[in-house]
Amino acid sequence: MSFIAFREVGFRYGEREDAGNSILRGLDLEISRGTFYVLLGPSGCGKTTALNLLAGFEAPRSGSVLVEGRPVQQPGMDRVVIFQGDDSLYPWLTALENVEFPLRMMGLGAAERRSRAEAWLARVGLANHAAKFPHQLSGGMKQRIQIARALVCDAPVLLMDEPFGALDAQTRTILQDELVDICAGSGATVLFITHDIAEAIILADRIGVMRAGPGSALKDEFELDLPRPRNRGSVEFAAVYDRIQRVLGEEVQKVVMREAAA
Amino acid sequence: MSRGAVRGGGAVLLFLLVWEIAARMIFVPAVLPAPSAIAAEGWARWLSGALQWDVLMSASRLAVGFAAGSLLGAFLGLLFGAFAPVRRILEPLVQFLRFIPPIAWLTPVLIWFGIGEEGKWVLITYTTTFMVLLNTLAGFAEQHRDRMRAARVFGAGSWETFRHVRLPATVPWILGGMRIGMGNSFQTLIVAEMLASNEGLGQLILNSRLQLSTEGMFVGIAGIAVLGILADSAFRAATRRMFQRYRLGW
């Protein structure tokens, strides 16, 4: 039994199925415990939907999404989410208070909340910004708060929906490397969504490539055994990039063709 | 003083200067008195104590109504926001009442409460309540998908989501409603004082007309402006300090 499993998962918006509204059809996906799994796909292919199903934000129309054999019913602190934008941070709370939020919901006392949250803020390099509000911080710093807020929960599963998508290239590279360090020590199982092949190769133990929508499912999977830290300039990196690019490129091409035809 | 304040003050002074010249050269005082004449009239009323009394009456009515209306409006708004069934039941009533200007209630209020202070308190409370309630509801209607999702992920139940996510997000809307409510309360107050009062700035304006004292009218009008500026500045300064983390837009 795999730790996380999508079995024949179908999802669409609206009651009746028609040509365009099917997002996922027959998605099968398994993630074993402790794996950093990256889901790659062209835009609109339903990779965020897959993450939302595992998070419990949406329910599948058909099939099932299982964690340790049990269907996902609702969101929970065993599967914490790092959201794409920074809208999920509470603007009236300081960086520290945002990280304390899950601990407050757990009912922990003020002193323990504070020390655990401070430790994680320090870990993501924001020790000196604890008293600042999100709007006083850069985009990269806000995503660091999100990382700290998710990891402070000690959750077995981390769900990340293109968390670095809105950041500039330099910041993104730095945060990718930091995320590798942080996750290496946590033992958590990660589902990470992106459309950036290089990002996937830096982070992943395993990469799944999805088909172009509508009615998307998994097209191919790649096991990555490159040693870490991975060098973006290495020959091995380029070779893996090339293999994935060929598989993903076809799907991106389909999207481009369809958009041109429409 | 900031450059903006200097410029703003300069504009007011220039306006008064043009008015002064125009009043002296073109108009007779009974139509448009000069600012200097208005100031002299105001000073005379101040020395007699009559002006302070009118200001005190108007200000106290506003303060009572504003405080009661803010509390009631925020309470109802939060109740509607926290309990969807309450909102569904009572919102049609709110929509029914919202187009009735508060002053339309003046006559029934006079019958129910008489010409004393209570009637004015009721009308200003009503005015403020409505603005605070409607603004609070607008705040609750604002969708923040990821914030709500994060709350669920991180273990917040429905009460905790209300207390820690939806309520704080609505604080600026409640305070904004109070500010608008205060502005509207001035309108309600002045009309109520003109039609049903023996004291207050509204009565000063109306009485001055009866006594053919145009200067007195303008003293009343200027008094309202000054009272309004003071009340709004005090409200902004106090809320900015108390609700610093909510980044109010003032």
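With which side chain does the side chain of A:Asp78 make a polar contact? The partner is the side chain of A:Arg79, at 3.2 Å; a polar contact is a pair of N or O atoms within 3.5 Å, where within protein one must be able to donate a hydrogen and the other to accept it, and residues adjacent in sequence count only if both atoms are side-chain atoms. This is a predicted model, in which local features need pLDDT of at least 70 and side-chain atom pairs count only at pLDDT 80 or more, while totals for chains, interfaces and linings use all residues. Residues are numbered from 1 along each chain as its sequence is written, chains are lettered from A in the order in which they are written, and side-chain values use heavy atoms, with hydrogens and water left out.

- A:Asp78 lies in the loop between strands S5 (70-71) and S6 (79-82) of chain A; helices (H or I, at least four residues) and strands (E, at least two) are DSSP runs, numbered from the N terminus.
- A:Asp78 counts as partly exposed because its relative accessibility is 31% (buried is under 20%, exposed over 50%, partly exposed in between; 1.4 Å probe, protein chains only).
- Not counting residues up to four places away in sequence, A:Asp78 touches A:Ala155, A:Pro156 and A:Val157 (contact means heavy atoms within 4.5 Å).

**Sheet of chain A**
- An open sheet of four strands has the order S2-S1-S4-S5, with antiparallel pairing (two strands pair if DSSP finds at least two bridges between them).
- Strand S2 (22-31) and S5 stand at the edges with a single partner strand each, so one side of each has no neighbour in the sheet.
- Strands S1 (residues 4-12) and S4 (residues 62-67) run antiparallel and are joined by five bridges.
- A:Gly10 stands opposite A:Ser62 in S4(A).

**Contact between chains A and B**
- Chain B contributes 18 residues to the contact and chain A 29 residues.
- B:Asp146, in helix H7 (residues 145-153) of chain B, counts as buried because its relative accessibility is 13%.
- Leaving aside neighbours within four places in sequence, B:Asp146 is in contact with A:Phe83, A:Asp87 and A:Ser88.
- Two salt bridges are counted between the chains (a side-chain nitrogen of Lys or Arg within 4 Å of a carboxyl oxygen of Asp or Glu).
- A:Glu58 and B:Arg149 meet in a salt bridge through their side chains (3.8 Å, N to O).
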